[in-house]
Amino acid sequence: MKIYMETQKCLIIGSGPAGYTAAIYAARADLKPVLYEGMEPGGQLTTTTEVENFPGYPNGIDGPQMMEDLKNQAVRFGTDARWGMVSEIDTDSRPFKVKIDDGTELLAETVIIATGATARYLGLESEEKFKGGGVSACATCDGFFYKGKAVAVIGGGDTAAEEATYLANLASKVYMVHRRDELRASKAMANRVLNTPNIEMLWDSEVKEVVGVEQGFTKALNGAIIRNKKTGEARKIDIEGFFVAIGHKPNTELFKGKLDMDETGYLITKPDSTATNVPGIFAAGDVQDKHFRQAITAAGTGCMAAIEAERFLGEQ
Ligand code: NDP
């Protein structure tokens, strides 16, 4: 039989608000959690500039700073935060056998999955260049900076519809750029978009390029080149914000065929709980939430997961 050097009570995978909040609670419950930070330590918030909607920061806080604070808080109570990625997990029997990409192998009595989701972008070079300087994938996070300005939302699903109507309350004008002539969004959401006077639909349209000026480290987007696929005509729209809403991809590759997921790959948790279909494995944050996707909701479910892991261990 294989001998494992480590058996941990609570393994947390992921280092966004869900992972670190789970770690704070698990550490304070004396579970001595081990947290693997993953590919993007700090998660999606490290790609944001200012976070203004997380309660408790009246003057806002930089995304990366907030994640550093959360990490320090988790470590202060005894979380063992490690650099590395979980590369394999065996969910067939408990304790769960886990492999890390640096060769470490360990056993975990409970696992909290907080691997998040990754926003999808169009993949244009110019889009990449203006990330954090006008290009965003979150209207709730960054919309406020475009008060009274013109912006574009790319996509035709529920997220795009929601972002467009949210932005229409702040921005002077919203162009909604969709690649087809019909929205994918639900009827109710689509109707809201179509009945909002300052949203202009650009149907059958694709983005060729995002344009703006760059001076040193300062970047300011001032437009996008949109091509109508039916007529072939391209034109520039004058915008300062460019919101990509073409979907997210939950980071769940590792759990395919092992944990229950919906058709888009989000982990399924039991109602009012973070429990997955495998007893002892919990999921928190964006990896199981396609609706809210906020730092505060991720933190909330991280807290739930730690409390549920503690209760689970207590019942064993
Ligand atoms: P969806 O996959 O539903 O929609 C993505 C949209 O982006 C589609 O309109 C799609 O076009 C377009 N798109 C995809 N790839 C590209 C590309 N490369 N270039 C241009 N356009 C592209 O994602 P959502 O994030 O909108 O929604 C995900 C899930 O979450 C859905 O089930 C949705 O119903 C749900 N949701 C529910 C909400 C609610 O109930 N309040 C709020 C937000 C999401 P096309 O239509 O041509 O495929």
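Start by selecting Pro95, which is partly exposed with a relative accessible area of 31%; that label covers everything between buried (under 20% relative accessible area) and exposed (over 50%), using a 1.4 Å probe and protein chains only. Before you go on, note that this is a predicted model, where local features need pLDDT of at least 70, side-chain atom pairs count only at pLDDT 80 or more, and totals for chains, interfaces and linings use all residues. Residues are numbered from 1 along each chain as its sequence is written, and side-chain values use heavy atoms, with hydrogens and water left out.

**The loop between E6 and E7**

Pro95 sits in the loop between E6 and E7. Helices (H or I, at least four residues) and strands (E, at least two) are DSSP runs numbered from the N terminus. Show what surrounds Pro95: leaving out residues up to four places away in sequence, it touches Leu107, Ala108 and Glu109, where contact means heavy atoms within 4.5 Å.

Is Thr91 buried or exposed? Thr91 counts as buried, at 8% relative accessibility. Its contacts, again not counting residues up to four places away in sequence, are Phe96, Lys258, Leu259, Val278 and Ile281.

**Helix H1**

Next, select residues 17–28, helix H1. The end C-alpha atoms of H1 are 17 Å apart, which agrees with the 16 Å that its 12 residues should span at 1.5 Å a residue; the expected span is 1.5 Å times one less than the number of residues. Color by accessibility and you'll find H1 mostly covered, with 10 of its 12 residues buried. Among them are Pro17, Tyr20 and Ile24.

What do the buried residues of H1 pack against? Bring up strand E1 (7–13), strand E2 (34–36), helix H2 (63–76), strand E8 (105–113) and helix H7 (295–315).

**H1 against H7**

Keep H1 and H7 on screen. They pack at an angle of about 35°, with their axes 7 Å apart; axes are lines fitted to C-alpha atoms, for helices over the stretch in contact, and angles run from 0 to 180 degrees between N-to-C directions. The crossing is right-handed, meaning that the near helix is turned clockwise from the far one by less than a right angle.

For the side chains, show Pro17, Ala18, Thr21, Ala22, Tyr25 and Ala26 in H1, which meet Ala295, Ala298, Ala299, Gly302, Cys303, Ala306 and Ile307 in H7. The residues of this contact divide into 11 nonpolar, two polar and no charged. Here Ala, Val, Leu, Ile, Met, Phe, Trp, Tyr, Cys and Pro count as nonpolar, Asp, Glu, Lys and Arg as charged, and the others, Gly among them, as polar.

**The cysteines**

Last stop: how many disulfides does the structure hold? There is one disulfide, a pair of cysteine sulfur atoms within 2.5 Å. Select Cys138 and Cys141, which it joins with S to S at 2.0 Å. Their link is right-handed, with 75° about the S-S bond. Cys138 is buried at 16% relative accessibility, whereas Cys141 is partly exposed at 22%.

Finish with Cys10, whose sulfur is 13 Å from the closest cysteine sulfur, in Cys303, too far for a bond. Cys303 is in no disulfide.
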